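Here are my notes on this one, set down as I went through the rings and the surface. Have the viewer open while you read.

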Amino acid sequence: MPPAPARPSGIGSPAAPVAAAASAVAAPPAAPGATEALLKEILVEVLGRPDVPRDGNFFDDLGADSLLMARFCAKIRKHPDLPSAAMQDVYQHPTLAGLAGALAPAAKPKDTAGAARTTSGLGALLAEVLERPDVPPQAHFFDDLGADSLLMARFCARTRKRSDLPSVGMPDVYKHPTIASLTAALGAGDDRPAGPAGPPPTEADEPTGPRAGTAAFVLCGAAQLVCVLAYSYIAAVILTWGFRAVTAATGLVEGYVAALLAGVAGFVTLSVLPVVAKWVLIGRWKPGAFRVWSPAYLRFWVVKTLVRTSPMVLFTGTPAFTLYLRALGAKVGRDVTYLSSQVPVCTDLFSIGDRSLVRKEAVIACYRAQDGRIEIGGVSIGADAFVGEATVLDVRTAVGDGASLAHSSSLHAGQAIPTGEVWHGSPGRRADGPLPAVPPAPGSRPRRALYSSVLLVFVLAVASPATLAVAGALYSLVPQFAALFEPAPGVIFTAQFHLELLALTAILFFGGLVLGLAVIVTLPRLLAVWVRPDVVYPLYGVRYWLHRSIGTMTNARPFVELFGDSSAIAHYLVLVGYRLKPLQQTGSNFGMAVQHENPFLTSVGSGTVVADGLSVMNAEYSATSFRVSRTAIGANNFLGNRIAYPPQGRTGDDCLLATKVQVPLHGPVRQGVGLLGSPSFEIPRTVARDSALDVADPQELAASLRRKNRNNAVSMVLHLLVRWFFFYLSLVTVAAVASLPIAAGPAEVVLAELVGIVVLVAWFTLVQRSVSPLKARRPDGASIYDPVFWRHERYWKVPAPHWVQMFNGTPFKPLVWRLLGVHVGARVFDDGANLTEKGFTTIGDDATLGEGCVIQCHSQEDGGFKSDDVVIGARVTLGVSSFIHYGTTIGDGAILAPDTFLMKGEEVPPGEIWGGNPARGID
């Protein structure tokens, strides 16, 4: 193993030798005046200007934007005589004079005794790891002592277990490769800030041996395929038995009873199977680590897949779901409300106390994928605790009794919120004010039991029989449908068969869309009458069911994906219940992913543009109650990706809310500013370079909007045709398998499913490749009224983006990415990444992509669009729910912590650990 990871060719500037880098970094820091001169030299180069005034604002006076300033920060980090700088420093100190003053280190009195203790302690610890009698303070770790990155990682892990020594990270080791220079860089340890008293690290911190090779990669994929086919066979047995019973029934009652029995059998079997598999294959989960693609990983993956595909997931937000968690081994207290649909996998290590609340989209898995291995660790939530919306709790984290973690925040491994405290931000830290609370309501355990029972009866006695009844009616009443399952010999090779099937699928597909749209715009309006705003209701009653039904019906993803990124989306949202008056069309008011809890209590001001991933929070909860409230987003705003907006959001008109920003809940209403980060801080609302992309002339704007609407209409038609034709291909697959000379039954269903997956991959790969030439690389930007952008929108809309996730955690996922145009290296582990521009993304060998991470090679701000490449080196780890923007480079062996937001243009050096929102280097 090489002493330090090298940057691959084509990824930024070449990595310098470790010894040279260490000597450079260890050089005395420049004085404030010299720091300002060096910063000025770099800024002149980046901006291409002859001179920059020391008090000139980077954005307002010099016309810089965030991409240029990210390049500025990257060059600062490479300069041997300058301290590291991040985008947050630039935004908070947007002049040369201010930035130089902030970066220049203050003089500290030397603690020679403390330094001696640290030197002695680190030397003794390293000698133990290297199995040497001693380690000279000036000896180079790699050149003189013969260490490698594996041994030094163990050394770093052991320093984190010693309370008398400063914590050491791999970036520290590479930058300061002697005990003497490491001590000088870290300090004696007496003045280090006190970290959270989190659970102690385990052996999972230390590397677990060599990585799995190609043979293990292939064998694991084959075993996973066998497991999927076995599970499909079990489901097929129940499905074929139920379908035959329904179609053979002679009367309405007999048909209903048959459908009911089939539904109960399927529900019980598929709900019990994950629990049995967990206890048989795993027993009790214990902290530790194992390599991906190993036999231990295969057992982990089987249990994870079964647990998260169980029908019990439908009961998220009900007391029945907490019973499911208990059956899996979790320690769940009384009156717990768990609204997140993500099921913790390693449930024996998950505990949550009485009367605690976990909001939806919270990520609590009790495991993480990092550097080619799965690390398992516990998550503990105390009694009367609160975990907010869009939060991430990494392994070995804790929320104390009565403590709260605010929305859009995270806890990194080892962090713990003390009893009664409120934390926010990514990574979490203490917050100034309390979170809004909902008064409790009288509750009773009979109410909780009755609610779950009624919901279960509805699923088993109404929804499941109705589904089988519809299938049976089609089989009995539509000859073309029946012919799919018992085709005459050679009929599938006739033109008449395909013409009739095209007509049948068109009626079912487009008729279903019309019927679904009619239901969405009518029925929820009737239900909303009974749920009044700002009234506290008890949980698990009729109004709670109405509230959840409104959200379920109106969050119809197919319609948002169809109408999004066009003028039609605004009219659709108005039909659903949004208040958008007065409506100012931009042609891209909302993207293709927006959700809410109550559309009738959602208002968005005129001229506001929203990118993908907005989650409007209209509901607040306690352990016993809930209420809905109006959530208002101001006029002329721009909202980036992945924003959870609460009803108490303190933003007004003319604001820019950056990607993954934490919306402030306290203080004055922000207007005319931008907000970035978690916790958020102010940045410029816009810059001159981005404003130049706007179309100012009203007549030109109107003409451009008409042309854009025509182009978007064609994209919407193609969107529908692609999905309709896939529906047709799916039924052709069913007929083709049914015509084979094999006995009809479960095996036939499994074969049809397997062939159907191949057809799905082939069809949507063909679609993706067909539209791939439409995407545009525009690092300097283009107007959203430029035809270049319209073509790129078609590249987004026509393919189906979500089917790839069915291959998460398997060797098939990187193979599918490669088919779709991604430049993927060998043995990549993808636990659930999302990629937008496939052809702009490069992923190196042995990379690890965490669940829910996003690699987005574009941004759209107000009327401008920008896009560029993203290059991810070998052995890189992207943490859970991390977000990587365009124009970024991540060097070999680097790690992004969970919930990290890596801004556009950033360069992460090889081997470093970055985290936070926005991202910066961390220990």
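The points below cover aromatic pairs, charges over rings and a surface patch.

1. Keep in mind that this is a predicted model. With that said, the aromatic pairs come to 34. One of them is Phe300 with Tyr367, an edge-to-face pair with 4.9 Å centre to centre and 75° between the planes. This pair links distant parts of the chain, 67 residues apart: Phe300 belongs to helix H12 (residues 295-309) and Tyr367 to strand S7 (residues 367-370). Both Phe300 and Tyr367 are buried.

2. Then have a look at Phe510 and Trp724. Their ring centres are 5.9 Å apart and the planes sit at 55°, so this pair counts as tilted. Again distant parts of the chain are linked, with Phe510 in helix H16 (residues 495-528) and Trp724 in helix H21 (residues 698-738), 214 residues apart. Phe510 is partly exposed at 29% relative accessible area, while Trp724 counts as buried because its 18% is under the 20% cut-off.

3. Back to Phe300 and Tyr367: ring pairs also join them into a cluster with Phe217, Trp285, Phe290, Trp293, Tyr297 and Phe829.

4. Which rings have a charge over them? Trp279 has Lys278 over its face, at 3.4 Å from the ring centre. Phe840 has the charged end of Arg777 over its ring, 4.4 Å from the centre.

5. Last, the surface. Val264, Val268, Val272, Val276, Val280 and Leu281 make a nonpolar patch of about 450 Å². Of these, Val280 lies in helix H11 (residues 252-281) and is exposed, with a relative accessible area of 64%.

Methods. Residues numbered from 1 in each chain as written. Predicted model: local features only at pLDDT ≥ 70, side-chain atom pairs only at ≥ 80, totals over all residues. Heavy atoms only, no water. Patch = residues over 30% accessible without salt bridge, like charges linked within 9 Å, V, L, I, M, F, W, Y side chains within 5 Å. Areas by Shrake-Rupley, 256 points an atom, 1.4 Å probe, with all protein chains shown as cover. Salt bridge = Lys/Arg side-chain N within 4 Å of Asp/Glu carboxyl O. Helix = DSSP H or I, 4+ residues; strand = E, 2+ residues; numbered from the N terminus. Buried < 20%, exposed > 50% of the residue type's maximum accessible area, 1.4 Å probe, protein only. Phe/Tyr/Trp six-rings, centres within 6.5 Å; stacked < 30°, edge-to-face > 60°. Lys NZ or Arg CZ within 6 Å of the ring centre and 35° of its normal.
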